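Me: Please go through the helix packing and the aromatic pairs, setting each value against its criterion.

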Amino acid sequence: MKRKGNKYFFGLGTVGRDMLYSLVSMYLMFYLTDILNLPDSTMWWMTSILTVLRVFDAVNDPFMGVIVDNTRSRYGKFKPWIVIGAVLSSVLTVLMFTDLGLSGTLYIFLFGVFYLLWDISFGLNDIAYWSMLPALTLDQSEREEIGAFARICANVGMYIVVVGILPLTDMLSKAAGSDIAGWFVFAVGVAALLLGFQAFTVFGVKEKKGFFKQEETTTIRGMLKAIFKNDQLLYTAIAMALFMIGYVTTTSFGVYFFKYAFKNENMYSVFAGILGVSQLAALSVFPVFSKRYSRKQLYTISTALVAIGYIIFFVSPMNMIPLGVAGILIFVGEAFIQLLMLMFLADTIEYGQWKSGKRNESVTFSIQPFINKIGGAIANGIVGFTIIISGINAAATPDDVTDTGLLIMKMSMLILPIIFIAAGYLLYLAKYKIDKQLYEKIVADLAQRGDISGPAENQNDKE
């Protein structure tokens, strides 16, 4: 029978993870520009270095996937790396939000080292965590159920930070005596919550042992074959990367938009709260829609919602009603796309095993942090350079930013993202072919070959 506990313990594990990831990926740039008040001369270097480092580290993720895939321990191959990655990324997050009293070249160098190590350690945790999902079940409906709950928990974590970061850091700053100290305390709290929520997964999830055929050690050559011989994985990866560039670019501009364009940064938390509820509601009802519509139909509808939302947001006056409607359309659509992408990626594992005879869960799921980092690096570059070019970083007050500067920000925040997201959707339509019928054939063939212990519908009875 199904292990119901796995659904909840696996999902809860990502609440703290996404709190920490959101803090670093969405607000690190704001911390550098508006809390530390780094000058343009330093920010040019910081933006360039962070962009390059994220791309460089992304290349390491498949190699870490090989390490996870080759792990043999009494605790399984996923949990040891979940723990190691969680501990290291927590410590490094706190260090990045610590005032070391340094400036200039030394500060840039040391911060770059911390950031690179953070990327590596969080990526290791991310690979091990998400590659556990397809190892829990082969049933597509159950995967969607577990994945939907995990995405709900992830978004809860993200929106706790998004909604709470400005009021909480403001409160902590007043109590601690400075903005820098307030953000440091907030970072410590988030790091602690990451460790606490990861304990649910580490101690609560029960992996199936002996269900999948024991495989030989994955070599570097085998890693390259697992990635480049799996055409569906490659197309999924490119589509995911295009989506992530658009998604992260838009979300990273949120605080800047409400501070400099809307001219009331306190409304950012209200806006984020509305969007958070909308996105969580969308993820909650996804299993219902997935029973009525195909994944291709859901992707089409979601992309249309996102496009309409971006258009409304771009032409909207600075009024919360039309902005709120636009935001809901964007984030409901993006919630569905995020979950669909996760399912597409999970299904390419069996497809790759079907073609090559080797499963490679972690190598396959190493593509997810690789994509997130490439997408985040490009988004980080877009945001950083836009903030400098538009004059926002040099502005003493929101009123100092010109109309041209605000238009540049809106173009980067809204027009570029929809172009990337639409391109990912068109690639999916043209190249992705793993539908329900093909997936069922793949699983049946794997069972017949002895690569799995039995058909997907019976695999939940295996202990």
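**Aromatic pairs and helix packing**

Reply: In this predicted model, Y31 and W183 are both buried.

Me: What makes Y31 and W183 an aromatic pair, and why is the pair called tilted?

Reply: The ring centres lie 5.9 Å apart, and rings pair if their centres lie within 6.5 Å. The planes are 40° apart; under 30 degrees would count as stacked and over 60 as edge-to-face, so the pair is tilted.

Me: How do you know that the pair links distant parts of the chain?

Reply: Y31 belongs to helix α1 (residues 4-35) and W183 to helix α7 (residues 179-204), with the two 152 residues apart.

Me: How many aromatic pairs are there by this rule, and which residues form one aromatic cluster?

Reply: The count is 37 aromatic pairs. One aromatic cluster is formed by Y27, F257, F258, F262, Y268, F271 and F313.

Me: Why are α9 and α16 called roughly antiparallel?

Reply: Helix α9 (residues 231-252) and helix α16 (residues 403-431) pack at about 165°, their axes being 7 Å apart. Angles over 145 degrees count as roughly antiparallel, and α9 and α16 are therefore described in that way. The crossing of α16 by α9 is left-handed.

Key:
Residues numbered from 1 in each chain as written. Predicted model: local features only at pLDDT ≥ 70, side-chain atom pairs only at ≥ 80, totals over all residues. Heavy atoms only, no water. Axes fitted to C-alpha atoms, helices over the stretch in contact; angles between N-to-C directions. Helix = DSSP H or I, 4+ residues; strand = E, 2+ residues; numbered from the N terminus. Parallel < 35°, antiparallel > 145°, perpendicular 65-115°, else oblique. Left-handed = near helix turned anticlockwise from the far one by under 90°. Phe/Tyr/Trp six-rings, centres within 6.5 Å; stacked < 30°, edge-to-face > 60°. Buried < 20%, exposed > 50% of the residue type's maximum accessible area, 1.4 Å probe, protein only.
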